Amino acid sequence: MLSAKEIRESFKSFFESKGHRIVPSAPMVIKDDPTLMFTNAGMNQFKDIILGNKAAKYTRVADSQKCLRVSGKHNDLEEVGMDTYHHTMFEMLGNWSFGDYFKQEAIDWAWEYLVDVLKLDPSRLYATVFEGSSDDDLPRDDEAASIWLKHLPADHIINGNKHDNFWEMGDTGPCGPCSEIHIDLRTESERAEVPGASLVNHDHPQVIEIWNLVFMQYNRKADGSLEPLPAKVIDTGMGFERLCMALQGKRSNYDTDVFTPLINKIGSLSGKSYGKNHKADIAMRVVADHVRTIAFSIADSQLPSNAKAGYVIRRILRRAVRYAYTCLDQKQAFMYRLVDTLIDSMGEAYPELAKQRDLIMKVIKEEEDSFLRTLENGIHMLDEAISRAKSQGKDMISGKEAFTLYDTYGFPLDLTQLILKENGMALNQAEFDTEMDAQKARARNAAATEATDWVTVNAGEQEFVGYDCQSTQARILRFRQVKQKNKEFFQIILDRTPFYAEMGGQVGDHGTLTCGEETIEIYDTKRENGIGVHLTKKMPTDVNAVFTAAINTDARMATSCNHTATHLLHEALREVLGTHVEQKGSFVSPSVLRFDFSHFSKLTPEEISKVERLANKKVRQAIARDERRNVPISEAMEMGAMALFGEKYGDEVRVIRYGDSVELCGGTHVDNTGRIGMIKIVSESSIAAGIRRIEAITGESVEDAIDEMHDILSQIKGMLNNAPNVVQALRRSIEENADLRKQAEEVMKERVNTMAKESLEDAHIINGIKIATLRGVRMPDTVKNVAFTVRNMSPESTAFVAATIDVSDKPLLTVMFTDDLVGKGMNASAIVREAAKAIKGGGGGQPGFAQAGGKDHNGLSVAFDTIINAIKH
């Protein structure tokens, strides 16, 4: 029986023998693509080629791609664990042809690999073909069907509808019919009873799709119409986990050696045995699947967070913790202990796991600990809600309360429902659904984007010239109008552009397009599908004109200073803290830079100072930029260039060197470090377990900061009578102030004691209760202190009542009862609330002490009498 590792390698070897270039997996987390957060299919890394924005270096390619499907069109998250074949993270084995071979070879090679190489039983295989669509005026894919007839009997070739057998990249873009290969893994007796053809695409757990062959031959336009693609593309994807199940004779993906090491480890840690309890089995599958997703995401530099991709990863992690907590009795963090098992299983194919082991474990553990605290707090809040409902004679809690727990505190709905059921309570599900629908509507509206078709003005590809010049003559290749969040703007693609498009943490350039007397502002430049897209609020009058495209040079220079500064800081951090420091993210704009890096403790002031000094030393040395373009990646590595985890590099890269600092980087940089002027770190903080962040400024921003600090120091010096030694004078002033404060506190304490004694001496005894009172103008804190001092001086059968105003004429009522009176049923909170009506206010507190403020001091006498009468009776 082939192992998972052997199956993966056999696929690559087969397609290598067919002339395919074997390429590494792209990161699972996608950066610099506004349309996708995660790689959800093997074709994602080839989008630029498929869209025609980039020429294919190899016309035949194959790989094993790590993918993630949890959101958007491919939302499988809630299915994971419930069945035996859905996953969040999975591997996609794929082969591609870019304008080379098409349906004949794709189908023939798929059959050869499955039947001749892997020895799958051909009688168990079925193929689906596109049945056609009257909506798009498309006929049945008879070409694919005729090819399949060479390999399969006619009753194993099944027509599929547009939903199943017409693949589309999105609402617009490349698309085409597809042919799915399904396998029937049922027993012989089951197959004899029900034909497999009737179960294809009917969610049967043993009759499953294993390979999808997509024949991209059309382009979907914004109006819904189709046009032929100039170059046809083959895009195939085979589910690695499902293939392993078929080859290893298992009835579940989770029974293959892809998952069994993890499930066995979960069992040993939890004391549970897989296959003994339905709920525990679901939980073990959930944890086994999710820990893979989380570990690979962190290795790709995507940490759990509350926004975008980070939110998705946090949601997956918390789902796993919830199942472990509820079904595996895991009340403490334990998923992080699965990482070594995962590395043993997949580390050879994906070495980034082992290299990032410590970070992965630390982040997972911290996230587990945090959510376990959330669960405890949520259970406490839910218990309070249940108690309130029961005290009101209700057997149902509000859907709004449950939604607040879910949305604000991250408390899972199904856990809420389980706890309610255990307490004989129910949830107002309709109310919860209403809140959820409203939230989804808000999210849809926030993300809604409408775009027209691209209007082509000139043919050609874009050339970026921004490394070498700040302006250039340019023509418009194409443009379109976009509506997003109730705003309208235009996207323009130029044939030549000096505008850097946002990428790698560096913001996009802004500037102008000029033709004659007309100037159009370009307010930002984004990168979509590898192309620089210029954003403007209006189009030029003549789109066919030749324009001068010019960037804002001041903003570009400030951005370049900050970007080069990140490289110098990276090198300095590694020198001061150690070579374990690796970049985990960055943001570079004209005004500020952020640099995220791996390190497990807060930087001391001394370490920050050392990092600054080392970086600024390189600034003063005015080191010239050594820039090398189109360097083979292997040669760049030999030069000592640092590659970042989570980044996808091509065969050729750009290398930026400043002395000993050597990095692979596509951003803009200064021609020598002296241009930076100075680097100043303004903050250092933690953003996640094992990840620190520094923020810094450079150049003019440092000058501005120094000027501001100098102004502040001058003001302080003036306040201290221009003392020659400001620090010494300030310390002396603080010490004097502390002495005066202490003296004032002693005086006030004596004053409070005196007021308490006087109020007790003047107290009246009514029904055995000593009632001490206080009236007049008093500060609220003073009144409160007098009340407690009275209780200390007279701890039994004593009440204190104050009706006072402060210096702003705001009335205040205060009531205090000693413990024995509280024990007899007296309630200061209830009494003060009723009395506060006379001063047009409200308040409350505890049975032994309560206060109430108001707006009308003229009602104080009535309020005071109300309190006294309440005590009497």
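## Helix α10

Of the 20 residues of α10, 16 are buried, so the helix is largely enclosed by the rest of the structure; buried means under 20% relative accessible area, exposed over 50% and partly exposed in between, with a 1.4 Å probe and protein chains only. Helices (H or I, at least four residues) and strands (E, at least two) are DSSP runs, numbered from the N terminus. This is a predicted model, in which local features need pLDDT of at least 70 and side-chain atom pairs count only at pLDDT 80 or more, while totals for chains, interfaces and linings use all residues. Residues are numbered from 1 along each chain as its sequence is written, and side-chain values use heavy atoms, with hydrogens and water left out.

Helix α10 covers residues 308-327, and its end C-alpha atoms are 29 Å apart, in agreement with the 28 Å that its 20 residues should span at 1.5 Å a residue. The expected span is 1.5 Å times one less than the number of residues. Just after α10, aspartate 329 has a positive phi of about 60°.

## Salt bridges

The whole structure holds 48 salt bridges, each defined as a side-chain nitrogen of Lys or Arg within 4 Å of a carboxyl oxygen of Asp or Glu. One of them joins the side chains of glutamate 348 and lysine 5, at 3.7 Å from N to O. Glutamate 348 lies in the loop between α11 (339-346) and α12 (352-355) and lysine 5 in helix α1 (residues 4-17), so this pair ties together parts that are 343 residues apart in sequence. Glutamate 348 is exposed, at 67% relative accessible area, whereas lysine 5 is partly exposed, at 35%.

Glutamate 241 and arginine 292 also meet through their side chains in a salt bridge, at 3.1 Å from N to O. Because glutamate 241 is in helix α7 (residues 240-247) and arginine 292 in helix α9 (residues 278-299), the pair ties together parts 51 residues apart in sequence. Glutamate 241 is buried, with a relative accessible area of 2%, and arginine 292 is buried at 0%.

A further salt bridge is formed by glutamate 528 and arginine 480, whose closest N and O atoms are 3.5 Å apart. This pair links strand β21 (residues 524-528), which holds glutamate 528, to strand β16 (residues 476-484), which holds arginine 480; the two residues are 48 apart. Glutamate 528 counts as buried at 18% relative accessibility, and arginine 480 is buried at 16%. Elsewhere, a network of salt bridges links Asp121, Arg124, Asp184, Arg186, Glu188 and Arg191.

## A three-stranded sheet

Three strands form an open sheet in the order β26-β27-β28, with antiparallel pairing. Two strands pair if DSSP finds at least two bridges between them. Strands β26 (626-632) and β28 (661-664) are the edges, each pairing on one side only. From one strand to the next, the twist averages 20°; axes are lines fitted to C-alpha atoms, for helices over the stretch in contact, and angles run from 0 to 180 degrees between N-to-C directions.

Strand β27 (residues 652-658) is joined to β28 by four bridges, and the two run antiparallel. Arginine 657 has valine 662, in β28, as its bridge partner.

## A nonpolar surface patch

Met678, Ile706 and Met709 make a nonpolar surface patch of about 280 Å². Patches consist of residues with over 30% relative accessible area and no salt bridge, with like charges joined within 9 Å and nonpolar side chains (Val, Leu, Ile, Met, Phe, Trp, Tyr) within 5 Å. Accessible areas come from the Shrake-Rupley method with a 1.4 Å probe, and for residues only the protein chains shown count as cover. Methionine 709 lies in helix α20 (residues 699-719) and is exposed, with a relative accessible area of 52%.
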